[in-house]
Amino acid sequence: MAASKFTPTDVHQQAISSFVELMVQKIESLEKSGWTKPWLDTYKGLPQNLSGVPYRGSNALLLLLDMSVKGYELPVYTTFEAARKMGFYPQKGSKSTRIFFWHYEYRHTTTDEKISPEEYKSLPKEEKSNYRSSSYIKFYHVFNLDQTNFKESHPDKWEALRQSVPEITFKGHAQMDAMIKMQNWLCPIRETASSHAYYDPGQDLIQVPSRSQFSSEESFYGTLLHEMVHSTGAKDRLNRDLSGSFGSESYAKEELVAELTAAILGQSIGISTAPTQESAQYLKSWLEQSDRSTKFLFELLNDVGRAHNMSIDRIQKQEVELSKPSTLSSQRSDLAHQPKSPSLAEEKDPTAIYLREMQHNELICAAILTTDGDLIRHLSLPSEALQEIAVKQNPHSIRYIPEATGAVQLLACKLDGSSIQHIPFPTEQMKLTAVKQCPSSIAFLKEPSLSVQLAAVKKDAAVISLINEPCKAVQDFLEKSGTPRSTVKSSSLSEEIIHL
């Protein structure tokens with residue numbers, strides 16, 4: 001894919017000036033406090049528009065800084081036009097804050113066919129090279145409600161809005177804890193006694209000291225968020241420059257991305273993050289170098305926006321899973337606090353009784369599981385090694401392992417794609433692996449992405465009948481290969497699914 005180049009103009013320079021002004025004021029405030037204050041000392045949630053839709057990424061950062069520096073009462077912003085339609089106006093002399101949105105277009109290099117960003121993201125890596133991208137920035141001017149006469153002109157709506165805006169307070173994070181225990185982040189997270197936290201790009205691994213080594217649990221989460229942001233920059237994710245050595249500009253820039261993104265994430269989920277001592281030095285150095293280019297700052301904000309979007313999507317997915325009583329997460333929580341209750345038949349089954357009695361003897365359990373993977377249902381919180389043994393013996397035994405790690409779930413899909421039916425929230429990689437091994441397993445997937453659909457029909461064109469709404473690219477592929485959907489017969493496939 002041909003990458004588009006960003007060339008800043010006077011308009012961009014004007015737009016970035018408000019960010020620079022807010023950032024300078026905030027950094028000066030942090031420096032005066034001895035770097036002990038949190039990045040964002042307001043606990044009123046992410047900024048949102050009048051419809052209640054929260055701003056994300058770099059715009060969330062800009063408006064959070066605006067709120068923090070100016071002390072606004074509510075995190076609600078509006079454009080002049082939206083205010084006018086509702087019958088209120090900005091107060092005389094009010095200065096707007098300029099936010100911006102990147103718009104991306106993707107066109108085929110040969111046919112010039114335009115596809116949406118969502119369709120482009122779902123394409124296999126090899127097919128993305130057939131598209132060129134272009135981008136442009138669109139600016140909007142917004143006012144905080146404190147800068148308008150909304151409170152006076154709409155007192156009832158003001159009060160209703162005030163009541164609806166969530167107050168965020170720190171009360172621990174079940175979704176973050178579950179993410180560590182179940183390894184549901186973008187890469188493995190290892191919490192163990194150690195001297196410092198880091199992200200290792202080579203191993204794609206986050207190492208964080210035990211939470212008992214931190215002054216507070218909130219400090220532990222803040223440090224973890226910082227390293228989680230670094231992991232979004234891996235080559236196969238957002239591909240930021242993570243190779244910079246200590247003291248280099250690329251190193252400093254990546255630290256800024258991690259600090260600022262972690263601050264927004266913390267605000268999103270109720271964690272107050274403060275700059276680390278090392279990052280504080282970079283921030284002070286950055287403050288003293290007022291000649292930073294507009295291009296550098298736009299790239300920084302763009303990186304922050306993309307890192308935040310990727311991170312919050314992952315965290316929110318974990319939160320949704322935890323909110324459902326029948327999900328993998330809640331099942332794991334139940335298992336962690338009480339043993340599995342055997343049925344009457346299992347109570348009399350000698351093998352089941354023996355396995356439960358010997359569940360702390362890894363070697364004996366391993367030997368038994370090599371003969372019947374389904375017997376893992378008698379073990380409470382089996383180790384990853386035992387999970388692998390069970391799945392290798394019978395991939396469908398994954399149904400009895402609600403606490404299975406992502407690696408074990410992926411292994412099950414690799415050995416038998418149809419086992420994905422037992423995985424409540426499979427990742428995109430699991431889905432691709434499953435349909436490549438067993439194309440008809442796409443029947444178990446709700447709204448499979450374009451890349452998953454293509455992978456399935458390339459293996460077996462007949463599975464198109466199992467896709468409710470196949471993407472246009474999939475239908476085009478079948479037409480080019482001479483297998484239109486209307487000619488596909490699904491009786492044998494339906495039979496195959498029934499017997500899985």
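**Close-up 1. Thr433 in helix H19 of the predicted model.** Thr433 has its place in helix H19, which covers residues 428–437. With a relative accessible area of 18%, Thr433 is buried, because buried means a value under 20%. When the neighbours within four places in sequence are left aside, Thr433 is in contact with Leu410, Cys413 and Lys414.

**Close-up 2. The packing of helix H18 on helix H19.** Helix H18, made of residues 406–415, packs with H19 at an angle of about 20°, and the axes of the two helices are 7 Å apart. H18 is therefore roughly parallel to H19, since angles under 35 degrees count as such. The crossing in which H18 passes H19 is right-handed. From H18, the residues Gly406, Gln409, Leu410, Cys413, Lys414 and Leu415 take part in the contact, and they meet Gln429, Met430, Thr433, Ala434 and Gln437 of H19.

**Close-up 3. An open sheet of four strands.** The strands of this open sheet follow the order S1-S4-S2-S3, and their pairing is antiparallel. Strand S1 (77–79) and strand S3 (114–115) stand at the edges, where each has a single partner strand, so that one side of each is left without a neighbour in the sheet. Helix H2, which spans residues 57–70, packs on the sheet and touches S1, S2 and strand S4 (131–144), while the direction of H2 makes about 175° with that of S2. In general, strands of a sheet pair through backbone hydrogen bonds, in either a parallel or an antiparallel manner.

**Close-up 4. The pairing of strand S2 with strand S3.** Strand S2, formed by residues 97–108, pairs with S3 in the antiparallel sense, and two bridges connect these strands. Arg107 has Lys114, a residue of S3, as its bridge partner.

**Close-up 5. Lys92 in the loop between helix H3 and strand S2.** Lys92 lies in the loop that runs between helix H3 (80–86) and S2. The relative accessibility of Lys92 is 89%, and Lys92 therefore counts as exposed, the cut-off for this class being over 50%. Although Lys92 and Thr148 are 56 residues apart along the chain, their C-alpha atoms are separated by 8.7 Å in the model.

Technical notes: Residues numbered from 1 in each chain as written. Predicted model: local features only at pLDDT ≥ 70, side-chain atom pairs only at ≥ 80, totals over all residues. Heavy atoms only, no water. Pairing = 2+ DSSP bridges. Contact = heavy atoms within 4.5 Å. Axes fitted to C-alpha atoms, helices over the stretch in contact; angles between N-to-C directions. Buried < 20%, exposed > 50% of the residue type's maximum accessible area, 1.4 Å probe, protein only. Parallel < 35°, antiparallel > 145°, perpendicular 65-115°, else oblique. Left-handed = near helix turned anticlockwise from the far one by under 90°.
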